[in-house]
Amino acid sequence: MKNVRFNLKSVLACTVIAFSGVSCSEDETPKNEEKELFAGLDITTIAGITIDKDSKKATLTITEEGPWNLYPMNDREEADFTHPVLTNSGSGSFELQTDGYAQYCFEWKESNRGVIANRVLPMAGQANFRDLGGYKTKEGKFIKWGLIFRSGNLSELTSADVTYLTSLPLKTIIDFRTEEEKTQAPDIVPSTVTKRLEYTVESGNTSTIQDFIDKMLAGEYEYVRQTMIESNAAFVDTYEEVFKSFFATISEEGNLPVVFHCTAGKDRAGFASAMFLSALGVERETIINDYLLTNTLLGASLEESIQKYGDENIGKAMYYANSVQLEYIGNAFNTIEAEYGTVENYLTQCLKADISKLREMYLY
């Protein structure tokens, strides 16, 4: 016997309508409209989502006037255009009701659409945990939200943080830290994680770590600054196998969603992020802005560092050690281009990154 599938709600509706002499068919049941997720203007300057790290309450912020709709995403590929979450015609802030991670398709003035989610994840125990989705490529495509994240260590996540990450659901953790770092601050791992990979990258020249600390405490800020610059060249020249493994891992769909992290989430994770975004064809300016966002999230400030340590030179040394600078990642790019000609050559020839596959996986 063949399986018979029916919609009870539709049957009852048709029964009632039949008594009124009006015909009804299954085809008249509301269907999801056929719309593209991205159309018209880039709406990222018009709409954005932020989530409070403690309460986990989400807020939609609209900067322009005009009729708009916010639609839920059924998955990362399709939106439900039949049931808007919110509909309005004004600018301002609007609270969203969410039980965990969520992304939406925002439609403004009917013809302008795009997928939005929160860039910075609401982790009370890690300020630098963020989504690499939503960035636009040179070809006008966008990186899918909710697949790949960068972060600092996960040792201080709260129970609410872990619950939120479970709603992604997070599957893979890539840890760039040394054994000493991991021992001092072991990750707290969500129950949905099925794979933890340790791809060790030293945070500097280990033979001079004590010298680095001594000179930092002595206020030799130029030495500290130069060491940080040189460490980014070392990511290119010394850790080929590590970052080759990194790209191999993020190229397997079964490993997603994935987070990669180091201790502060700024140097090793910053380099990995810059390479990933480069592989997808994101503009260099956008890559740099993502890299420098770390300073905002970690509250890195030269003035505050000097005030905190009460000595200008020590304050500068601490600031250069605990922040990211354009010249840091700039030296990584300069080293790559001097040795390989282009970043794409480095990615494909040295790290064996399958750029076509990555773009198919991660771009809308």
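Biologist: Is Asp175 buried or exposed?

Modeller: Buried means under 20% relative accessible area, exposed over 50%, and partly exposed in between, using a 1.4 Å probe and protein chains only. Asp175 has 1% relative accessibility, so it counts as buried. Bear in mind that this is a predicted model: local features need pLDDT of at least 70, side-chain atom pairs count only at pLDDT 80 or more, and totals for chains, interfaces and linings use all residues. Residues are numbered from 1 along each chain as its sequence is written, and side-chain values use heavy atoms, leaving out hydrogens and water.

Biologist: What does Asp175 touch?

Modeller: A contact is heavy atoms within 4.5 Å. Leaving aside residues up to four places away in sequence, Asp175 touches Lys182, Asp187, Arg196, Leu197, Glu198, Tyr199, Thr200 and His261.

Biologist: And which strand is Asp175 found in?

Modeller: Strands (E, at least two residues) and helices (H or I, at least four) are DSSP runs, numbered from the N terminus. Asp175 lies in strand E10, and its bridge partner in E11 is Glu198. Two strands pair if DSSP finds at least two bridges between them; here four bridges join E10 (residues 172–175) to E11, and the two run parallel.

Biologist: What is the strand order in the open sheet of five strands?

Modeller: The order is E8-E9-E12-E10-E11, with mixed pairing. Strand E8 (130–131) and strand E11 (195–198) are the edges, each pairing on one side only. Helix H7 (residues 268–279) packs on the sheet, touching E9 (148–151) and E12, and its direction makes about 155° with that of E9. For such angles, axes are lines fitted to C-alpha atoms, for helices over the stretch in contact, and values run from 0 to 180 degrees between N-to-C directions.

Biologist: How many aromatic pairs are there?

Modeller: Rings of Phe, Tyr and Trp (its six-membered ring) pair if their centres lie within 6.5 Å; planes under 30 degrees apart are stacked, over 60 edge-to-face, the rest tilted. The count comes to 18. Take Phe246 and Phe260, an edge-to-face pair at 5.0 Å centre to centre with 80° between the planes. This pair links distant parts of the chain, 14 residues apart: Phe246 in helix H6 (residues 240–250) and Phe260 in strand E12 (residues 258–261). Both Phe246 and Phe260 are buried.

Biologist: Where does the charged end of Arg119 sit?

Modeller: A charge sits over a ring if NZ of Lys or CZ of Arg is within 6 Å of the ring centre and within 35 degrees of the ring normal. Arg119 has its charged end over the ring of Tyr135, 3.8 Å from the centre.
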